[in-house]
Amino acid sequence: GAGDLARVVVEDAVGIDVVVEATGAVEYGAQVALYAIEGGKHVVMMNAETDATVGGALKRRADRAGVVYTNSDGDQPGVRRCRGKRIGGTSGGSSH
């Protein structure tokens, strides 16, 4: 299953210090991050869905394991939102 694939992908990453997860699949992304953290690898989460769902728990696990868990804007809406905040304008999306 997806968990087995995630484990194999991370375990085969010999000599890799950082895993970037960008699939957009919540369960698979979480599993990749967990295996990376357990394997002593840092994680850059570009999968906004996974980060929003379990990012807090992954961050706590990473902190306990002594590795970095961080996210990135990743997708177009995230980049536009951050760009709007930096220049003091709007993100181009609808107002709430």
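Helices (H or I, at least four residues) and strands (E, at least two) are DSSP runs, numbered from the N terminus. By this scheme the protein has four helices and three strands, and S72 lies in the loop between β3 (69-71) and α4 (76-87). The model is predicted: local features need pLDDT of at least 70 and side-chain atom pairs count only at pLDDT 80 or more, while totals for chains, interfaces and linings use all residues. Residues are numbered from 1 along each chain as its sequence is written, and side-chain values use heavy atoms, with hydrogens and water left out.

**Overall architecture**

- The elements follow the order α-β-α-β-α-β-α from the N terminus.
- Of the 96 residues, 29% count as buried (under 20% relative accessible area; exposed is over 50%, partly exposed in between, with a 1.4 Å probe and protein chains only).
- Contact means heavy atoms within 4.5 Å; among contacts between residues at least 6 apart in sequence, 57% join residues at least 24 apart.

**Nonpolar core**

- A nonpolar core is a set of buried Ala, Val, Leu, Ile, Met, Phe, Trp, Tyr and Cys residues joined through side-chain atoms within 4.5 Å.
- The largest such core has 14 residues, of which V32, I37, V43, M45, L58 and Y69 touch the most other members.
- At least two residues of this core come from each of α1 (2-11), α2 (26-38), β2 (42-45) and α3 (48-65), and α2 gives the most, with five residues.
- Apart from neighbours within four places in sequence, V43 is in contact with V19, A33, A36, I37, V68, Y69 and T70.

**Packing of α2 and α3**

- The axes of α2 and α3 come within 10 Å and cross at roughly 10°; axes are lines fitted to C-alpha atoms, for helices over the stretch in contact, and angles run from 0 to 180 degrees between N-to-C directions.
- The two helices α2 and α3 are therefore roughly parallel, a term for angles under 35 degrees.
- On α2 the contact involves V26, G29, A30, A33, L34, I37 and E38, and on α3 it involves E49, T50, T53, V54, L58, R61, A62 and A65.

- S72 is partly exposed, because its relative accessible area is 36%.
- Beyond its neighbours within four places in sequence, S72 is in contact with V44, M45 and M46.
- The C-alpha atoms of S72 and V20 are separated by 9.8 Å, although these residues are 52 residues apart along the chain.

Methods
Parallel < 35°, antiparallel > 145°, perpendicular 65-115°, else oblique.
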